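Here is a brief report on a single protein chain.

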Amino acid sequence: MKNRLRIFAGDILGGLNASIITLPQALAFGVATGFGASAGIWGAIILCFIAGILGTKVPMISGATGPVAIVIASVMYDLNKDLNAIIFIMFLAGILQIILSLTKLPEIVKYVPYPVISGFMNGVGVIIIIMQLNPLFGMNASSNTIESIENLFKGTPNIEALAIGLLTLAIVFFFPKKWGKYVPSQILALIICTFLSMGLDVARISEISVSLPAVNLPHTNLHDFITYFQYSVMLAVILSSESLLTGLVCTSITKVQLSPKRILASQGVGNICCALTGTLPGSAATMRTVAGLKSGASTRFTPVVTAFILVLLIYKFSGFVSQIPLCVLAGILIKIGYDIIDTKFLKVLKLAPKDDLWVLSVVFLLTVFYNLIVAVGAGITLASLLYAKRAADKAKLIDKTVYDKNLILAEKLVEKKYKHKIRVVHISGAFFFGSATQLISQFDEFLGTRYLILVYDSEDLLDISAVFALEDIILRLKSQHIKILLVLRNNEVFEQLKNHGIDKQIGKVYFSEFEAIEHAKISCKKRIKRN
């Protein structure tokens, strides 16, 4: 009984702390995307409740996050704030999340290189900061980084809004961390700066809906589906990636292995519900989830508590919420943007390998100035190519000549056959598409060899490029009248070569280097005697 009460108390406290952090962020992201504060807060409530109930045993607090808000804002900009189109894109993105949960793709997130994640998060952080500079100065917000920078120099600052915004920044940046356990700096800034702004000429939220959003099915056709599908894919990838990364953080804290498929399925259902109600979609939010876990949250009841408290806050303090200045929300978002930036990696930037710096730079620049999905795709591709190059550079042939006393004596009897040689060549390192061409060129050094024992040391299967490369090596050596004796470490590689018919070009395949050497020595002696 005591244990149940302790768990219940932990869930209540965790949900309370998570809701206090969620409130200002949900309002700020709603305004930043152009959907409005009501869509932001109700989206957080709906997604948190549904994904919490359907999700994993470890509680995850969901709602709009920085990367999600940036994607929504970018799509809003591209589609000229066509809300009907945006809602359909959100709906389709949720369906795609459910489809992804039925595949093995969710497992891939753990293999994304760290420089790609760091470059992406740094880019998102910088975008949020740039896009909130205009509201901080009391000017109209923009949904594009370049446009935001341009408008910053064109517009006229509102001194009153700037003063309130700077005070917000001072509170969220310099509020003592030890006190933040009891009162989050963001909610404190929201309360203090809103009261101080009363009577000032600053832009405000103005309106917050306390009624439950109505359900409406999105209207679409085949043309819209084809037109907007690319946006849905982009949104689905960001929604899924954020949730899966939060899942990895939860696993590291709780030591409980979470199901990536269940995470995506629950988030997908939640985001479909957000689309049907015209509210802001989101993902599992790392900061809010960690806050809940560290407060004692341990069951699915926590996100339910979070959603319930947010509903109470809206109904009880809707009048206050409507008076929150946009410059205050901008200050809060700038702090969120700063927190998203990967300062841990930046501190060791000088020590990082050049390849990692290239990947981080490409992802960062593409994220800030072009497209988030292209940035991640380009980063993964570049990281993969650089890794392949490093692995290929390590691949080499280790050559050693086999000296046998009896063989040397036999060769001396026939001087013209003295140059008969047996060599053992080990393929060291990865033999794949990246190293295949490089290794082929090294076989030109074995002219004059009569018996070449080729040892494939790895137990890994060959990719198709390596299979064709091996076939090319065999044909090249055979044209030089070199007898090839192939030594493998396991039967699976042999079966692979057999399926491609390469075993017929070689003859006998050995699984023991010693047996291959003995066979070569006997064959060489017989050949000398015949001559």
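## Basis and overall make-up

Buried means under 20% relative accessible area, exposed means over 50%, and partly exposed lies in between (1.4 Å probe, protein chains only). By that rule, 50% of the 531 residues of the chain count as buried. This is a predicted model: local features need pLDDT of at least 70, side-chain atom pairs count only at pLDDT 80 or more, and totals for chains, interfaces and linings use all residues. Residues are numbered from 1 along each chain as its sequence is written, and side-chain values use heavy atoms, with hydrogens and water left out.

The chain has 24 helices and seven strands. These are DSSP runs numbered from the N terminus: helices are H or I with at least four residues, strands E with at least two. Contact means heavy atoms within 4.5 Å. Of the contacts in the chain with a separation of 6 or more, 82% join residues 24 or more positions apart. The chain exposes about 25900 Å², and carbon and sulfur atoms supply 63% of it. Accessible areas come from the Shrake-Rupley method with a 1.4 Å probe; for residues, only the protein chains shown count as cover.

## Nonpolar cores

A nonpolar core is a set of buried Ala, Val, Leu, Ile, Met, Phe, Trp, Tyr and Cys residues joined through side-chain atoms within 4.5 Å. The largest has 78 residues, and Leu27 and Ile41 touch the most other members. Helix H4 (residues 83-101) gives the most to this core, with nine residues. Apart from this core lies another, of 22 residues, including Leu452, Tyr456, Val493 and Ile506.

What does Leu27 contact, leaving aside its neighbours within four places in sequence? The partners are Ala37, Ile41, Ile208, Val321, Ile324 and Leu329.

## The largest pocket

Pockets are found on a 1 Å grid over the protein atoms alone: a pocket is an open set of points with protein on both sides within 12 Å along at least five of seven lines, and lining residues have an atom within 4 Å of a point. Grid points are joined across faces, edges and corners, and a volume is the space filled by probe spheres set on the points. The largest pocket has a volume of about 1800 Å³. Its lining comprises 43 residues; Thr286, Met287, Arg288, Val290 and Asp339 lie nearest the centre.

Helix H13 (residues 286-294) supplies the largest share of that lining, six residues. The buried residues of H13 are Arg288, Thr289, Val290, Ala291, Gly292 and Leu293. Just after H13, Gly296 takes a positive phi of about 110°.

## Residues in loops and helices

Asn80 sits in the loop between helix H3 (66-78) and H4. Lys255 lies in the loop between helix H11 (222-254) and helix H12 (260-276). Is Lys255 buried or exposed? Lys255 counts as exposed because its relative accessibility is 69%. Asn80 is exposed too, at 68%.

Thr251 is in helix H11. Thr251 is buried, with a relative accessible area of 19%. Beyond its neighbours within four places in sequence, Thr251 is in contact with Val256, Gln257 and Leu258. Phe494 belongs to helix H22 (residues 491-499) and is buried, with a relative accessible area of 17%. The C-alpha atoms of Phe494 and Val509 are separated by 7.9 Å, and these residues are 15 apart along the chain.

Technical notes: On a 1 Å grid over the protein atoms alone, a cavity is a set of points where a 1.4 Å probe fits but cannot get out, and a pocket is an open set with protein on both sides within 12 Å along at least five of seven lines; lining residues have an atom within 4 Å of a point.
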